Amino acid sequence: MAGTSVKARGESALAERFAVFAECLLTGVWIAVASLGVVTYLAAFAAGARHLRRRTAHAGGGWREFVADFRTALRGGWLAGLAGWAAVGAVWVDVQAARAGIPGGPLVGAFGVVALIGLVVAGLRAAAVWAPGARWRTLLAEAARRTVLDPAGSFLIIGGLAVVAVSAWFSAPLAAPVLGAVAAAAVAVEERYRHR
């Protein structure tokens, strides 16, 4: 089906793939800008993922649709974003306890870091399937289940986040467009899981 729509538009397969890649990079910049509100990162990621789903389905959409999705996702998404920052704070306390030499601190610190990584992956998986009208609480609960049941997909998302971190370390402005690639990876992971 994708091949017929590519031919109808007169683009080669290579041009179509490059267009999707370029759209991922642009979407990453949109996600980064929308995430500047600190607690808005999940809503921004959800809007970006929905934009990429539209793009790969050849359904159109652009900046205006992204902004409309972002506003809709933000209604409940800011609370989920706030909870994410609370989890980061709890893990920071665990790591400080481990550094202070409290008995059992290293184990608690390691568990906290692993749990935080799992929460981040679940949050991104939830955002990757978000659609208007979806409740964040339900999305997050289902995504947590998929995070555990689909370790290969979860590790792919972790790898994408590692690429963002390395990009930011290498050159901070590179991290923004790479966020779009992570959104695309999360969408692909969820699509793969849905078809298993």
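**Entry 1: helix pairs**

I looked up how helix α4 (residues 63-100) sits against helix α5 (residues 105-128), and found the two packed at an angle of about 160 degrees with their axes 7 Å apart. The model is a predicted one, in which local features need pLDDT of at least 70 and side-chain atom pairs count only at pLDDT 80 or more, while totals for chains, interfaces and linings use all residues. Residues are numbered from 1 along each chain as its sequence is written, and side-chain values use heavy atoms, with hydrogens and water left out.

The axes are lines fitted to C-alpha atoms, for helices over the stretch in contact, and the angles run from 0 to 180 degrees between N-to-C directions. I sorted the angles as follows: under 35 degrees is roughly parallel, over 145 roughly antiparallel, 65 to 115 roughly perpendicular, and the rest oblique.

α4 and α5 are therefore roughly antiparallel to each other. I noted a left-handed crossing where α4 passes α5. A crossing is left-handed if the near helix is turned anticlockwise from the far one by less than a right angle, and right-handed if clockwise.

Next I took α3 and α4, which pack at an angle of about 140 degrees, with axes 5 Å apart. That makes α3 oblique to α4. Here α3 passes α4 in a right-handed crossing.

**Entry 2: salt bridges**

How many salt bridges does the structure hold? I found nine (a salt bridge is a side-chain nitrogen of Lys or Arg within 4 Å of a carboxyl oxygen of Asp or Glu). I went through three of them one by one.

Arginine 55 and glutamate 23 meet through their side chains in a salt bridge, at 4.0 Å from N to O. This pair links distant parts of the chain, with arginine 55 in helix α3 and glutamate 23 in helix α2, 32 residues apart. I recorded both arginine 55 and glutamate 23 as buried. The classes are buried for under 20% relative accessible area, exposed for over 50%, and partly exposed in between (1.4 Å probe, protein chains only).

Aspartate 69 forms a salt bridge with arginine 54, and the closest N and O atoms are 2.8 Å apart. That pair also links distant parts of the chain: aspartate 69 is in helix α4 and arginine 54 in helix α3, 15 residues apart. Aspartate 69 counts as buried because its relative accessibility is 5%, and arginine 54 is buried at 14%.

Aspartate 150 pairs with arginine 192 in a salt bridge whose closest N and O atoms are 3.1 Å apart. I placed aspartate 150 in the loop between α6 and α7, and arginine 192 in helix α8 (residues 172-194), 42 residues apart. Aspartate 150 is buried at 1% relative accessibility, whereas arginine 192 is partly exposed at 38%. Salt bridges that share partners join Arg125, Arg146, Asp150, Glu190, Arg192 and Arg196 into one network.

**Entry 3: backbone phi**

I checked phi because most residues other than glycine have a negative value. Valine 38, not a glycine, has a positive phi of about 65 degrees. I located valine 38 in the loop between α2 (13-34) and α3 (41-56), and at 46% relative accessibility valine 38 counts as partly exposed.

Histidine 58 also has a positive phi, near 55 degrees, in a residue other than glycine. Histidine 58 sits in the loop between α3 and α4 and is partly exposed, at a relative accessible area of 30%.

**Entry 4: surface**

Which residues form the nonpolar patch on the surface? I listed Val166, Trp169, Phe170 and Leu174, with about 530 Å² of accessible area together. Patch members have over 30% relative accessible area and no salt bridge; like charges are joined within 9 Å, and nonpolar side chains (Val, Leu, Ile, Met, Phe, Trp, Tyr) within 5 Å. Accessible areas come from the Shrake-Rupley method with a 1.4 Å probe, and for residues only the protein chains shown count as cover.

Helix α7 (residues 151-170) gives the largest share of the patch, three residues. Tryptophan 169 lies in helix α7 and counts as exposed at 73% relative accessibility.

Last, I looked at arginine 137 in helix α6 (residues 136-149). Arginine 137 counts as exposed at 69% relative accessibility. From arginine 137 to alanine 47 I noted 90 residues in sequence and 17 Å in space, C-alpha to C-alpha.

Methods. Helices (H or I, at least four residues) and strands (E, at least two) are DSSP runs, numbered from the N terminus.
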